[in-house]
Number of protein chains: 2
Amino acid sequence: MAHEAHQELVQEVKAKMPQADTLFELADFFKVFGDSTRIRIMCALFERELSVCCIADIVGMEQSTVSHQLRVLRQENLVKVRRDGKQSYYSLEDEHIQKIFEMGLEHILE
Amino acid sequence: MAHEAHQELVQEVKAKMPQADTLFELADFFKVFGDSTRIRIMCALFERELSVCCIADIVGMEQSTVSHQLRVLRQENLVKVRRDGKQSYYSLEDEHIQKIFEMGLEHILE
DNA sequence: GTAACATATGAATATTCGCTCATATGTTCA
DNA sequence: TGAACATATGAGCGAATATTCATATGTTAC
């Protein structure tokens with residue numbers, strides 16, 4: 001390809017892409033899905049809201065680990081918390097999560 | 001919650017969850033989306049197939065970096081390659097990718 | 001053949017990230 | 001108030017990972 005044509009193509013594609021900031025945010029968002037502990041936590045929450053210690057038992061990890069990961073999920077607005085007495089009940093923030101999940105499953109099951 | 005009720009709930013949720021293996025695979029799949037360089041590469045490929053050096057120019061990174069990341073994308077069956085003379089042209093493997101992308105965007109733009 | 005270009009890959013490095021331990025904070029009940 | 005329980009958080013460690021440099025491999029044109 002000629003040098004000018006190359007540059008032109010590069011500029012054309014760059015122009016059509018979303019802003020760099022948005023793509024960095026998007027990467028951070030998907031990063032959250034890229035850990036098996038967090039995936040399993042989210043998956044458990046598909047069924048119903050759960051307390052921290054229940055989640056820990058379900059995924060078979062320390063309460064502390066789960067608590068740390070729930071914080072990550074909270075920061076990306078993927079889960080919400082509800083305090084009830086001594087316990088914190090976590091649930092999913094919205095239904096995008098389940099759809100993204102399903103689409104991922106479709107891909108790997110091909 | 002009583003101890004037996006807790007255990008019962010844990011078992012019930014665990015039973016409804018997909019197999020652990022599947023969830024580990026799923027995490028590996030999403031891990032690929034969790035890096036801004038790879039996200040930008042995929043995003044560039046939404047427009048059209050591109051050679052490695054074009055991609056490198058578009059995302060503003062070394063040819064070597066892009067080549068390494070394209071290998072990661074290949075390993076997860078997210079892109080395919082076509083050799084044409086000296087150049088390798090990469091394109092997206094299927095349309096799930098774009099849908100996952102869009103859903104991620106919807107979430108962060110809320 | 002060799003030169004020039006495009007891509008792939010191995011090694012080294014720096015950074016990120018998940019997990020665990022110890023402990024702090026928050027809540028209930030006696 | 002203090003004991004018991006649930007959750008959150010900070011520090012430290014080890015593993016994973018993204019990038020770069022140097023170089024190998026592959027391809028074309030002369």
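The dialogue below goes through a predicted model of two protein chains with DNA strands C and D.

Visitor: Through what surface do the copies meet?

Guide: Of the interface residues of chain A, 100% are also interface residues in chain B, so the copies meet through the same surface.

Visitor: Let us turn to the DNA. How many residues surround DNA strand C, and which are the closest?

Guide: A residue is taken as near a strand if one of its heavy atoms lies within 4 Å of it. DNA strand C is surrounded by 25 residues, and the closest are T37(A), R38(A), S64(A), T65(A) and Y90(B). By class, this surface has four nonpolar, 13 polar and eight charged residues.

Visitor: Which elements supply the surface near DNA strand C?

Guide: At least two residues each come from α3 (36-47) and α5 (63-75) of chain A, and from α4 (52-59), α5 (63-75) and β3 (87-92) of chain B. The largest share, five residues, is that of α5(B).

Visitor: What parts of DNA strand C do the atoms within 4 Å of the protein belong to?

Guide: Sugar or phosphate accounts for 65% of those atoms, and bases for the rest. Individual contacts illustrate both kinds. For the phosphates, a polar backbone atom of S88(B) is 3.2 Å from a phosphate oxygen of DNA strand C.

Visitor: Which residues are the closest to DNA strand D?

Guide: The closest are Y90(A), T37(B), R38(B), S64(B) and T65(B), among 25 residues that surround DNA strand D. Of the atoms of DNA strand D that come within 4 Å of the protein, 65% are sugar and phosphate. The surface near DNA strand D has four nonpolar, 13 polar and eight charged residues.

Visitor: Which side chains make polar contacts with DNA strand D?

Guide: Among them is S64(A), with a polar side-chain atom 3.0 Å from a base oxygen of DNA strand D. T37(B) has a polar side-chain atom 2.6 Å from a phosphate oxygen of DNA strand D. Two or more residues of the surface near DNA strand D are given by each of α4 (52-59), α5 and β3 (87-92) of chain A, and α3 (36-47) and α5 of chain B. The largest share, five residues, comes from α5(A).

Visitor: What residue forms a salt bridge with K31(A)?

Guide: The partner is D28(A), with the closest N and O atoms 3.3 Å apart. K31(A) and D28(A) are three residues apart in helix α2 (residues 20-33) of chain A, and so about one helical turn separates them. K31(A) is partly exposed at 42% relative accessibility, as is D28(A) with a relative accessible area of 36%.

Visitor: What parts of the chain does the pair R82(B) and E49(B) link?

Guide: The side chains of R82(B) and E49(B) meet in a salt bridge of 2.4 Å, N to O. This pair links distant parts of the chain, 33 residues apart: R82(B) is in strand β2 (residues 79-84) of chain B, and E49(B) is in the loop between α3 and β1 (50-51) of chain B. R82(B) is partly exposed at 37% relative accessibility, and E49(B) is partly exposed at 26%.

Visitor: Where does N77(A) lie, and what is its phi value?

Guide: N77(A) lies in the loop between α5 and β2 (79-84) of chain A. Its phi is near 55°, a positive value in a residue other than glycine.

Methods
Residues are numbered from 1 along each chain as its sequence is written. Chains are lettered from A and ligands numbered from 1 in the order in which they are written. This is a predicted model: local features need pLDDT of at least 70, side-chain atom pairs count only at pLDDT 80 or more; totals for chains, interfaces and linings use all residues. Side-chain values use heavy atoms; hydrogens and water are left out. A polar contact is a pair of N or O atoms within 3.5 Å; within protein, one must be able to donate a hydrogen and the other to accept it, and residues adjacent in sequence count only if both atoms are side-chain atoms. Helices (H or I, at least four residues) and strands (E, at least two) are DSSP runs, numbered from the N terminus. Ala, Val, Leu, Ile, Met, Phe, Trp, Tyr, Cys and Pro count as nonpolar, Asp, Glu, Lys and Arg as charged, and the others, Gly among them, as polar. A salt bridge is a side-chain nitrogen of Lys or Arg within 4 Å of a carboxyl oxygen of Asp or Glu. Buried means under 20% relative accessible area, exposed over 50%, partly exposed in between (1.4 Å probe, protein chains only). Copies are superposed by least squares on the C-alpha atoms of residues with pLDDT of at least 70 in both. Contact means heavy atoms within 4.5 Å.
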